[in-house]
Amino acid sequence: MSNYHIKHLEEYYQVYRKSVREPENFWEEVAEEHFMWQRKWDNVLSWDFSKPEVKWFEGAQLNITENCIDRHLATRGNKTAILFEPNDPSEAAEHITYNQLYERVCEFANVLKGQGVKKGDRVCIYVPMIPELAIATLACARIGAIHSVVFAGFSSTALATRINDCDCKTVITSDGSYRGAKTIDLKGIVDDALDSCPGVETVLVAKRINSDINMKQGRDKWLQPLLDAASKECPAEVMNAEDPLFILYTSGSTGKPKGMVHTTAGYMVYTAYTFKNVFQYKEDDVYWCTADIGWITGHSYIVYGPLTNGATSVMFEGVPSYPDFGRFWEIIDKHQVNQFYTAPTAIRALAKQGTELVDKYDLSSLKVLGSVGEPINEEAWHWYNDNVGKKQSPIVDTWWQTETGGIMITPIPFVTPTKPTYATLPFIGIQPALMGEDGQELKGNQVDGRLCIKFPWPSMARTIWGNHQRYRDTYFSAYENKYFTGDGALRDDVGYYRITGRVDDVIIVSGHNLGTAPIEDAINEHPAVAESAIVGFPHDVKGNALYGYVILKDTGESRNHENLRKEINQMITEHIGPIAKLDKIQFTSGLPKTRSGKIMRRILRKIACKDTSNLGDTSTLLNPEVVQDIMDNVL
Ligand code: PRX
C-alpha cells in the first residue's frame, strides 16, 4: 500500500526515507494504485545525469486525459471540474462538470484532428484565462499533440519566437481578452506575430469579447462553429510514458527562451501526488490557484494535478484589483474556496490595501494557503497568515520551477510545522544538495550554498526543445551528476530550506522569471542606444524591479531623457511584454567592465540597491572611473 496521502510528520519522514532508499519501489506503488494505464511499465526508472537522460515508467502506455477526465466519469460525472470565474463579477460563474469537460475536450480534439493536427505536432495556445484555454490544452493531450501554451500577456515578438522555435503549424487564440477594466486585442497581436511565422497554417479563434477583428481567409477560423459540428466522442491517443506532453518556455540568463519539454507519465504521477499532499485535497474541497495557465503553476496546479485527483479547480479570468482590491476575498467567499494558492507579489499588493477589504468577506472556508514563484518575505507571510488564514490555515511556501514540473520543497500542511520565509522540507522523493564555492556538497545543517538536486524525480523536464546540448550545459554541467537549479539556499539547524534567490542573471519580477539578456537586446534595438545592462533591485510589491543602465550613442545632439525612457520601455513592451518594463533608467557614459570586456553586474546591482558600502575590488576594472560617476547619478 503506497502512502498516497501523508497525514502526520512521522509518516512524512518514514515515507521520505523510503522514497530515497527505494525510489523505484516507492514510485511504482504510487503509479500502480492511483492511475489508469493502458499498459504498465517494464522499467520504473533509468537515468544518467551525464548525458543527461532520464526515463520514468518506460514501456507504459497511457493518456493523461483519461486520468484527468474519463476515469472520474462513473463516480464524479456531475461534479464541477473547472469552476470558471469571469473577469466581470456580474457575469455568472460557469461550473463545468466532469461530464461536460469530457464532451468539450473531445469536441475540441476532433476539431484539431479535422484541421490536420496529428500526434507529435506542436500546437501553440495563446488564449486568455477562459475555459477554452484549459480545454484546448487537454484536447491536444487527448490526441497526442504537444501543447505549447504562451502566456497571453506576451508581446507579438515573444509569441513569434515561441511559435517558430518549435515549428507550430496551428495557433489557438481568441478575439480578445478582458483584463480588469481593459480589453486587449489578442488577435491583433497574433496577426502581428504571424507576419514572421511562415509555418503557421491554421489559426483557431475563440470568441470572448465580441470585437470586430480581421480574419485572414483560409488561415483563420472561428472555433465555435467547428466545435458545434464536432463529435462529442474522441478516443484517447495511446501515448508512451516518455512521449512529450508539452513544451513551456522559460527565460534563461542568456539567449532565446528555453522550450522545456515535459513528458507524460512521470509528470502525471508527480503532479497528482504533490497536489494531493501539498494541498491536503479532500473530495469536496474547492481549490483555487490564481496563476495563469500560461505558466507552469497553471499547467501543473490548475489543470493536471487537480484534475487527475478529480478535484474542483477554480479558474479566474481577472485580476486581483478589479473591480476593487477585494476581488480575491470576494471569490473565496462566493465559492467557499478551501485551498488558495497565490504569489507573494499579489499578497504584497493586497496587503498594501490594509485589512478592511479582507475583513468584509467570510474567509472561514479556507484550510490551506499556498505561496509560489519567489521568496515570500516575512512581512507578507505574516499578513497572509494573520489576515487571510486567521492563523488557522497553514501556509505552504512551495519552491519549484518550470523545469521541475512539480513542487519540490514545501511544507505539507498540518504535517510540517511552518516557519516564515522557509520552504521547509524536501517533498517526498526529492533529494536536494547544497553546493559550496569549491564545488563540494555541503553536508550537515546550518549551511548556505547553491541548490542542486542529486536524484531524478518523475516530473523533471527531459530536454530543451531542439537543443539538448543547451539543456546539459545549463543544468548539468555546473556540478557533476547533479541538476543545478540556479537558486541559492540555506539549510537551518533542523534541516529546513530557505531559498535565498537566483544566483544567475535571471531576475524574478512579480513572480515572473526574466532573463537580463533578452531585455538588454530589446533596449539595444532603440536607435539611440549604444549599450545597456539590467539589474534587479528590491521593490515592496514586485519583489524585484528592473533597473537599467543605458549608454546612448554619441550623436552630438541632446535628447530628452524622459521621452527616451518611455521609448525604451515601449521597445521592451513590444519585444517581450509589459511585465519586463524598467522601473528606473539611468543614462550613463560607461559601464564597469572587466579587462575581458564582461560587464560587472555585481557592482551595478549594488549601486541600484543603494548598497555601496562594500563594492569589492574595483581596481581590476578596465574603467574604474565610471563607478563613481554611476554612483553620483544613481536614481
Ligand atoms: O528562483 C526560484 C523562484 O522562481 C524560480 C522559478 O521560476 P519559474 O520557472 O517561473 O517557476 C515559478 C513557479 C514554479 C525559481 O528558480 N521561486 C519559485 N518558487 C519559490 C521561488 N523562490 C523562493 N521561494 C519559492 N517558494
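1. Overall make-up. The protein chain has 20 helices and 31 strands; helices (H or I, at least four residues) and strands (E, at least two) are DSSP runs, numbered from the N terminus. Its radius of gyration is 24 Å, close to the 26 Å that the globule rule gives for 635 residues, so the chain is as compact as a globular protein of that length. That radius is taken over C-alpha atoms, and the rule is 2.2 Å times the number of residues to the power 0.38. Along the principal axes, the C-alpha atoms fill a box of roughly 75 × 65 × 55 Å.

2. Basis of the note. This is a predicted model, in which local features need pLDDT of at least 70 and side-chain atom pairs count only at pLDDT 80 or more, while totals for chains, interfaces and linings use all residues. Residues are numbered from 1 along each chain as its sequence is written, and side-chain values use heavy atoms, with hydrogens and water left out.

3. Of the 635 residues, 61% count as buried; buried means under 20% relative accessible area, exposed over 50%, and partly exposed in between (1.4 Å probe, protein chains only). Contact means heavy atoms within 4.5 Å. Among contacts between residues at least 6 apart in sequence, 71% join residues at least 24 apart.

4. UniProt lists residues 70–462 as "domain: AMP-dependent synthetase/ligase" in an unreviewed entry. The end C-alpha atoms of residues 70–462 lie 27 Å apart, and this span is 30% helix and 22% strand. The unreviewed entry also gives "domain: AMP-binding enzyme C-terminal" for residues 519–598. Here the ends are 17 Å apart, C-alpha to C-alpha, with 26% helix and 31% strand. UniProt positions are in the numbering used here, feature names are shortened, and annotations may be inferred rather than shown by experiment.

5. A three-stranded sheet. The strands β29-β30-β31, in that order, form an open sheet with mixed pairing; two strands pair if DSSP finds at least two bridges between them. β29 (529–539) and β31 (584–587) are at the edges with a single partner strand each, so one side of each has no neighbour in the sheet. Neighbouring strands are turned by 20° against each other on average, direction ignored. β30 (residues 543–552) and β31 run parallel and are joined by 4 bridges. Tyr 549 is opposite Gln 586 in β31.

6. Axes are lines fitted to C-alpha atoms, for helices over the stretch in contact, and angles run from 0 to 180 degrees between N-to-C directions. The buried residues of α17 include Ile 519, Ala 522 and Ile 523. Besides β29, β30 and α19, the partners of the buried α17 residues include β27 (506–509), β28 (512–515) and α18 (561–575).

7. Nonpolar cores. A nonpolar core is a set of buried Ala, Val, Leu, Ile, Met, Phe, Trp, Tyr and Cys residues joined through side-chain atoms within 4.5 Å. The largest has 122 residues, and Trp 37, Phe 57, Leu 101, Tyr 273 and Phe 279 have the most contacts inside it. Beyond four places in sequence, the contacts of Phe 57 include Trp 27, Trp 41 and Val 269. A second, separate core of 45 residues includes Cys 168, Leu 194, Ile 213 and Leu 582.

8. Val 200. This residue is in the loop between α8 (186–194) and β11 (202–206). With 11% relative accessibility, Val 200 counts as buried. Val 200 and Cys 168 are 32 residues apart in sequence but 6.3 Å apart in space, C-alpha to C-alpha. Among the residues touching Val 200 are Ile 163, Cys 168 and Leu 194.

9. β1 (residues 43–48) and β2 (residues 53–58) run antiparallel, joined by 5 bridges. The hairpin between β1 and β2 passes through 4 residues. Pro 52 is in this loop, and a cis peptide bond with omega about -20° joins Lys 51 to Pro 52.

10. Other backbone points to check. Most residues other than glycine have a negative phi, and most peptide bonds are trans. Tyr 322 and Pro 323 are joined by a cis peptide bond, with omega about -5°. Gln 280 has a positive phi, near 45°, and is buried at 7% relative accessible area. Lys 610 also has a positive phi, about 55°.
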